[in-house]
Amino acid sequence: MAFAPNALHESHALVIEGNPQSRSILVSQLRELGLGKVSQCSRLSDARRKLEAAQYDVIICEQTFEKESGSGQDLLDDLRRNQLLPFYTVFVMVTAEASYAKVAEAAESALDAYLLKPHTGARLAERILQARQRKRELQDIFAAIDAQDFDRAATLCLGRFEARASYWLYAARIGAELLLRTGRIAEAQKLYEAVIEAKALPWAKLGVARTQLSSGHASKAATTLESLLQEDPGYADAYDVMGRAQFELGNFENALATFRMATQLTPGSISRLLKHGMLAYYAGDREEGIALLDKATRLGIDSKMYDPQALVLLAFARLDAGDRKGMARVVDQLQRLRDRSFEPERPYRLLEFVKTIEALLHQQGNRVIDDIRHLVNQIPAPEFDFEMATNLLGLMGRASARGLPIAIAEAEAAVERLGMRFSTSRAMSELLAAAATGQEDYARIAHECHTRVLKITEQAMTLSIKGDPRGTVMRLLQEGEATRNAKLIESAHQVLLRHAARIPDFAELDERVNALRTLYRTTTSITRMGDNTAAGSAPGGMALPTGYKPPKQEGLLDRMRSD
């Protein structure tokens, strides 16, 4: 993909503005500037569909839409977070809001330009041309990222930062994001701290908190974020990361309040509605969770930002309410998501699962029991993830409550297998327990499994303290192989690296441990919590073009054939 923008006369622009007169003025100004093609729309929902269907070189978007709950900033945040804009696209926000907080928020969201009303055509042209110039100067960095050469991209960013060359702060942010994503957490933290020392910026402070969270220091991250939010209580991304830190610490009530604040700040953000709704569903107010997931579905069912797991939770709600029409609607929505998905495996899997929930609603007991047994047999498989675990627990709990003949011993053995694999932290065991709707025995087993995993880890570490680090690695490795528990596997990896010089068969054990880490993806987040793209940026992060997929060109093959 070429990152150099097209010539102006070959460029395609999109104007998103609710006011017809303002929209007409912007369109005229762009045409006077020489833009080859200018499209327009008046609503954010229409803009999302256009941006998911076509590529644009320039986007001019109004900040405030009087008749909509969302804003232009919400749209940009979701597009950046979900990899729906390539780096060569220039995004210009137009607003009458001149407060420092709004300007700072825009600057920190990787926005290309911020234009205050009233503005002239010359000022708009200046903003667009400046942004295009920056993209040209940083093209080598973007090209390295696109080629998956992250080490080279990070080196280029660091060089520009150290030399204080043009756009050095922007390059520093990209470089820190690359370092953080590739696991060079300590280097990323040093870079963020250097930016703070050179020029204190909220995104750099948030970056420090993200490195602390990635290093497993959720308490330190929460402390950093508390300070940041005291200085800037309107920084929505900081609430995202704070909520995640509180979640990792098992403080679900605090995390729920934090996510609630984020959705209040950005009521049109699909991602935040999903995160808030899912956490409320599992660990807070289930009624509130369903209302939020319903809203996210109404706003974003046709968007790539939408997470189809929300429909599974809505299907459970329809089952609990005995709502057959609502269940049929959920099935239809998942079928449409599956049919148009770039990667239909997950929507297909979730659709099949929802059909099992529908079968339970229609009292098709034999099918439900067969499906549950099939899922239980898949628990050891690498592709069986935490999402499937919580869904299975919810299904088993409801099936038992409806009197289906599921053997108690068989069911509890399955719950134990789920608990031993996925109880990697207090937060995960609490979510598993919460997913086991109405089944106190299932919840008890989930909690007991977390205690057992902690005990296994402590007993294994005792061997290292006594001078036998290899014994620690072997114990953790054996238990990790038996349970597929990511915490045990990662603990074995950390001890092995720490005591490499004292372990004679290090290379053999390292190969064995890394095979498990790769197979079970132990370094990735165990729960999506409303995030629908693994390649998209984390909350507070900067979107990088590694996962961008150009829209499909419908009919292109047919046109080529006809030519």
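Me: Okay, so a nonpolar core is a set of buried Ala, Val, Leu, Ile, Met, Phe, Trp, Tyr and Cys residues joined through side-chain atoms within 4.5 Å. Which residues touch the most other members in the largest one here?

Reply: They are I16, I59, I357, I372, F384 and L392, in a core of 113 residues. Buried means under 20% relative accessible area, exposed means over 50%, and partly exposed is in between (1.4 Å probe, protein chains only). Before we go on, this is a predicted model, where local features need pLDDT of at least 70 and side-chain atom pairs count only at pLDDT 80 or more, while totals for chains, interfaces and linings use all residues. Residues are numbered from 1 along each chain as its sequence is written, and side-chain values use heavy atoms, with hydrogens and water left out.

Me: Which helix gives the largest share of that core?

Reply: Helix α16 (residues 309-321), with nine residues. Helices here are DSSP runs of H or I with at least four residues, strands are runs of E with at least two, and both are numbered from the N terminus.

Me: And what is F384 in contact with?

Reply: Contact means heavy atoms within 4.5 Å. Leaving aside neighbours within four places in sequence, F384 is in contact with L375, Q378, I379, A389, L392, L418, R421 and F422. There is also a second, separate core of 45 residues, which includes I141, A222, A238 and A262.

Me: Let's zoom out. How many helices and strands are in the chain?

Reply: The chain has 27 helices and five strands. Of its 563 residues, 54% are buried. Among contacts with a separation of 6 or more, 66% are between residues 24 or more positions apart.

Me: What about α15, how far apart are the ends?

Reply: The end C-alpha atoms of α15 (residues 286-300) are 21 Å apart.

Me: Which residues of α15 are buried?

Reply: G289, I290, L292, L293, A296, T297 and G300. They cover an arc of only 165 degrees around the axis, so they sit on the same side of α15; the arc is that of the directions from the helix axis to the C-beta atoms. Facing away from the buried side are the exposed residues E287 and R298.

Me: What covers the buried residues of α15?

Reply: The cover includes α14 (270-283), α16 and α17 (324-340). At the start of α15, a side-chain oxygen of D285 comes within 2.9 Å of the backbone nitrogen of E287.

Me: Now α23. Which of its residues are buried?

Reply: Y442, A443, I445, A446, C449, H450, V453, I456, T457, A460 and S464. What covers the buried residues includes α20 (386-401), α21 (408-422), α22 (426-435), α24 (469-483) and α25 (486-498). After α23 comes G467, with a positive phi near 95 degrees.

Me: Speaking of phi, what is the value for R484?

Reply: Phi of R484 is near 65 degrees, a positive value in a residue other than glycine. Most residues other than glycine have a negative phi, and most peptide bonds are trans. R484 lies in the loop between α24 and α25 and is partly exposed, with a relative accessible area of 26%. Another one is R521, with phi near 45 degrees, in the loop between α26 (506-519) and α27 (556-562).

Me: Where is the cis peptide bond with omega near -10 degrees?

Reply: That bond goes from K117 to P118. P118 is in the loop between β5 (113-116) and α5 (121-137).

Me: One more: T95, buried or exposed?

Reply: Buried, because its relative accessibility is 1%. T95 lies in strand β4 (residues 90-95). Not counting residues up to four places away in sequence, T95 touches E62, Q63, Y114, L115, L116 and K117.

Definitions and conventions: The expected span of a helix is 1.5 Å times one less than its number of residues. A polar contact is a pair of N or O atoms within 3.5 Å; within protein, one must be able to donate a hydrogen and the other to accept it, and residues adjacent in sequence count only if both atoms are side-chain atoms.
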